[in-house]
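Please look through the sequence and the model shown here before reading on. The report below takes up selected features, chain by chain.

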4 protein chains.
Amino acid sequence: MINVGIVGGTGYTGVELLRLLAQHPKVKIKAITSRSEAGMSVAELFTNLRGHIDLKFSDPADAKLAKCDVVFFATPNGIAMQQAESLLKADVKVIDLAADFRIKDVAEWEKWYGMQHACPNLVAEAVYGLPEINREKVKNARLIANPGCYPTAVQLGFLPLIEAGVVDIKHLIADVKSGVSGAGRKAEIHTLHAEASDNFKAYGVPGHRHLPEIRQGLSNVAKKPVGLTFVPHLVPMIRGIHATLYAKLTKQLDLQALYEKRYQDEAFVDVLPAGKHPETRSVRGSNLCRIAVHQPQNSDTVVILSVTDNLVKGAAGQAIQNMNIMFGLPETLGINQVPLLP
Amino acid sequence: MINVGIVGGTGYTGVELLRLLAQHPKVKIKAITSRSEAGMSVAELFTNLRGHIDLKFSDPADAKLAKCDVVFFATPNGIAMQQAESLLKADVKVIDLAADFRIKDVAEWEKWYGMQHACPNLVAEAVYGLPEINREKVKNARLIANPGCYPTAVQLGFLPLIEAGVVDIKHLIADVKSGVSGAGRKAEIHTLHAEASDNFKAYGVPGHRHLPEIRQGLSNVAKKPVGLTFVPHLVPMIRGIHATLYAKLTKQLDLQALYEKRYQDEAFVDVLPAGKHPETRSVRGSNLCRIAVHQPQNSDTVVILSVTDNLVKGAAGQAIQNMNIMFGLPETLGINQVPLLP
Amino acid sequence: MINVGIVGGTGYTGVELLRLLAQHPKVKIKAITSRSEAGMSVAELFTNLRGHIDLKFSDPADAKLAKCDVVFFATPNGIAMQQAESLLKADVKVIDLAADFRIKDVAEWEKWYGMQHACPNLVAEAVYGLPEINREKVKNARLIANPGCYPTAVQLGFLPLIEAGVVDIKHLIADVKSGVSGAGRKAEIHTLHAEASDNFKAYGVPGHRHLPEIRQGLSNVAKKPVGLTFVPHLVPMIRGIHATLYAKLTKQLDLQALYEKRYQDEAFVDVLPAGKHPETRSVRGSNLCRIAVHQPQNSDTVVILSVTDNLVKGAAGQAIQNMNIMFGLPETLGINQVPLLP
Amino acid sequence: MINVGIVGGTGYTGVELLRLLAQHPKVKIKAITSRSEAGMSVAELFTNLRGHIDLKFSDPADAKLAKCDVVFFATPNGIAMQQAESLLKADVKVIDLAADFRIKDVAEWEKWYGMQHACPNLVAEAVYGLPEINREKVKNARLIANPGCYPTAVQLGFLPLIEAGVVDIKHLIADVKSGVSGAGRKAEIHTLHAEASDNFKAYGVPGHRHLPEIRQGLSNVAKKPVGLTFVPHLVPMIRGIHATLYAKLTKQLDLQALYEKRYQDEAFVDVLPAGKHPETRSVRGSNLCRIAVHQPQNSDTVVILSVTDNLVKGAAGQAIQNMNIMFGLPETLGINQVPLLP
């Protein structure tokens, strides 16, 4: 059994880690910390866990995290970077679901995240945990930077096109839509039900923190800088990301075959038959990314549709996928649920 | 392994049976029938099942149902009553998720359902599959009448009060709210998103088919006829039933203790601590019924709050719970998922 | 033209007052105050008002409220009671949309609202602004206690029964459901879209502040204390209240005729034909209360269904209705919009 | 007073016409027809109209449409083209809210709409009723082709860029999102609440009927054929369209000034201040189109955000705007409501 600790368990990625880990056959949850809720029963805060999780939140100071095999950080940005080093020294693997280790260019990171990085030395070591690109590196990683929700859906969508070198990488467009759980479990007015439901809007068009992360990932694949316009939108739904991706083809080829071949061995990427449109509910509660490939009206613009559950493949599920890989377990263990539909 | 057949798999109870049975360790799905979709891949209709269910819908006439161990009817009312007899003769157990065998008084059934009963002789044999009341009978049953969604939430809520004989059973009130999946996967205007969302209404106040079913169940427990006012409402949500139950106390007692004791051995009934309010999402996708007991302002009116997922404990999950009992399996096998929250 | 001031314009009742007053032919809005947003353009905060309202929020200290003819308080509880007296002395009429003047028993008010009352002397003078009961008193009032959203829907629903003396007033039940805008425009976790949508729950069952207000109103009509069980619920919709009311008949009579007669001259109460069920969207954005009367299965329990828009008839619209009456204008002036459906 | 007839009043554009016309000071509704609901009270079908519309649906055959001044067709495609000619001969103006007269190339129309055109001779005469482009032609029109919902939001968004000749018109991208009322009031499974809520998907990516309409409109402005990729999506909300438009700049200029200047005299187009993001609810129930202009990260890709209410500016409101222009009334008369927020 893998002894697991969770730092910061009161947000949506925290409860989702708990939901999935509670059913994982090789995991024992040893500690879950929360500064604000220390002493409270986890199942009192998240009533879905009654009967499944019998732990209390512990104070971060008291928690025996150093005795775990792996610690997940389901914290706001800026926390993992302060604690990762000491855990690694104690031979504890670290998986950060926040953004602390995602951007290799520390100055760039500091610009977008508005704070000084606490351990720039670990940034280089950290492995960007998108298994469909970095599986081999994940196997031996001590420190995982778990990808953001938008970056997961967008990168998996663009990947085959860029690897194949068949699109104009200077003018990529990602028009992406997210459910409101992506904003986290935070008391804010703009994500109230009375504000966000029966409504639709774009936000962060001038610049969103996931832009440099996606740009870095795609540029790594392209082996040169890509140009990306990234427009996030807020959808009145709880879970789900839908990325609509546009690129100009520089070469004609069988796009459907390209995608099917690229992902044929990937358990969590499902390429739909030609002509289909994935819907976010078809992956609700699951670690899947479903993708469809379109070339409307035979123009030179390719349209990729890519959907995920932002809390699973976009966060907690992918983190466990990384854990499975790091510990030599079957990659799908404990995260192979059937999506909930309707 | 139990060989399972499903008749009528294109509705919401059908897809929910498939979601749960696909993950059940002791089940092999042999056939799923649909007159309208025969030949179509199940996973094409219900994309959440891609990669989990590799069957096509078969024509009811072709399906080898007689070779199954058990057949679930996830059909409209009036279908199971035409096919149950021949299956039983072939030693196949039958679980009907529709209403054909729920009401013992055949004349009463015919009045509410507007059709003649095709096999009144089987009505007496059929066991009403609410395990929390009828577990022993379910064990040896050949034919199960799986309870309706409203009746499950209402009966589990009222049960301890009526067994204890502490309320005026002539004036029970059940004010019940259901998500729209309760109306089924049928093309109708009043359940369109543009009609049902951002809206709330009561319906069927003069009389709803679940009224005689609940009345029968509660009267059986009370051993005399109960008087019940039952008002269903439509909630703009997908899944979930919330029953708010009112009764006049005829005797003061520790209601919290009464409920905790009654359900202490029930895996799927969760009595919340005093003062709490269950929410439907706390059981989303699970077979649980969560109940809270209130006596506001110390008046003589008791208020019970009871929530279920109408597609699980109110339909497919309870049907599998009954199957587990009938085949001597652990009652929670394959239906012990953690609810999906948020 | 009536010169109008609004204190506290950043909540939902504030923006709704502005929406309605912007189109009122006899109103000129002179000032709208907000401590937190002073100096900000109203239409920047509420983009629906762009092109309709050309005011900035002013600091409460600077605002020339004393020169208005009437001031609406769209503030949290406890603000109006501190400022009403000085406005009244300056001959300004006051309409409080909060609860400060609703409960005549000051000790009772202090118990439920958890604060000391700042001007108990004005409580007796304040007129409870439910025009369907108190129209004559409203005409000459200086100070209006505008009713709460739940109390409006519940009182209008029960009123004819209690006036006629035909129900057991010791055991009234109000099972009431509200959209989330009823919780106000406040940053809180439990009303986030990711928490409140696709979900249903009761809350405040042990005791809710609207209970004493409803009880007072109904007891006044009955001329003796009523017994009321009041259970509020949160519906995943933005606007709307649906009250389902239960009472035991002590006398048989033509209930439909009773309701039609009682409300035949009321512009804002619409009694539906027998057998109908009102839905909340049928009053969305309007000042209407629609009511249906049922006696299911001819039992002795009467069921009344009553719907309103909580922000209009349950708040801002009723406040303007009171203003119209106080200033001798046609009662429907400026608040006779057609509800928005779908 | 203008005598108005409506053909086909049982859909969402029909009820929206009625909502707006009921409050229009210069309109008298003479007849509203429905084959299926003839004889039924309009307010019984659409309960929001109780007390505002006192008409019954009449049989199309009986209706005295020829005595009206103007007839609106709120019908499915293919109806208006059969009746327009005889109405025009009777000196009745015709405004078709369906697609019969929108595409000037009749062969193209027949390809996309799958039927033969019944009166190709009138297609040339029909004026495409987008007042912001065609106001002068609308003034003298007898027959208006009222634009589609997507085409209105997309064309108003792209218009200034194309008029100014500053973008690559061969590679325009319109990523557009619509509320489900855009699918009409039709009994279909995919728009059920249980299917469409808490879900997001693209549809019609290979080809959607609004593509040729938008392409025609933009090509007319550009005076040469444009290349357009158009991807519609279904949003779990009732009303609203959000168009996110992408184009490659061929010339740098002050885009904000360009848009503000272009629309400074348009009552129903509101250009937001720089840096803002319009939301669909900010135009709910109103005839407004709100637009924001972005050039993220100073790249050469411009992003335009354009929102409308699909039932108002995208249908019924724009139709009345056209009527106002045709009859010499103030353009905003009767359609200047404040949007409903929240």
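## Terms and basis

Contact here means heavy atoms within 4.5 Å, and axes are lines fitted to C-alpha atoms, for helices over the stretch in contact, with angles running from 0 to 180 degrees between N-to-C directions. Helices (H or I, at least four residues) and strands (E, at least two) are DSSP runs, numbered from the N terminus.

This is a predicted model, in which local features need pLDDT of at least 70 and side-chain atom pairs count only at pLDDT 80 or more, while totals for chains, interfaces and linings use all residues. Residues are numbered from 1 along each chain as its sequence is written, chains are lettered from A and ligands numbered from 1 in the order in which they are written, and side-chain values use heavy atoms, with hydrogens and water left out.

## The sheet of chain C and its helices

In chain C, an open sheet of 7 strands runs in the order E8-E9-E7-E10-E13-E12-E11, with mixed pairing; two strands are taken to pair if DSSP finds at least two bridges between them. Strands E8 (201-202) and E11 (269-271) of chain C form the edges, and because each has a single partner strand, one side of each is left without a neighbour in the sheet. Within this sheet, strands E12 (residues 289-294) and E13 (residues 301-308) of chain C run antiparallel and are joined by 6 bridges, with Ile291(C) standing opposite Ser306(C) of E13(C).

Helix H9 (residues 210-222) of chain C lies across strands E7 (172-179) and E9 (228-235) of that chain, at about 130° to E9(C). Helix H10 (residues 255-262) of chain C lies across E11, E12 and E13 of chain C, and its direction is at about 160° to E12(C).

## A covered strand in chain B

Strand E3 (residues 70-73) of chain B is covered on both faces, with Val70(B) and Phe72(B) buried on one side and Val71(B) and Phe73(B) buried on the other; buried means under 20% relative accessible area, exposed over 50%, and partly exposed in between (1.4 Å probe, protein chains only). E3(B) pairs in the parallel sense with strand E1 (residues 2-7) of chain B over 4 bridges, where Val4(B) stands opposite Val70(B). E3(B) also pairs in the parallel sense with strand E4 (residues 93-96) of chain B over 4 bridges, and there Asp96(B) is the bridge partner of Phe73(B).

## A bent helix in chain D

Helix H11 (residues 312-326) of chain D has 15 residues, yet its end C-alpha atoms are only 18 Å apart, short of the 21 Å that a straight helix would reach at 1.5 Å a residue; the expected span is 1.5 Å times one less than the number of residues. H11(D) bends by about 45° at Gln318(D), the bend being the angle between axes fitted to the seven residues ending there and the seven starting there. Of the 15 residues of H11(D), 15 are buried.

## An annotated residue in chain A

An unreviewed UniProt entry carries the annotation "active site" at Cys149(A); UniProt positions are given in the numbering used here, feature names are shortened, and annotations may be inferred rather than shown by experiment. Cys149(A) is found in helix H7 (residues 149-164) of chain A, and counts as buried because its relative accessibility is 13%. Leaving aside neighbours within four places in sequence, Cys149(A) is in contact with His210(A), Ile241(A), Asn310(A) and Gly314(A).
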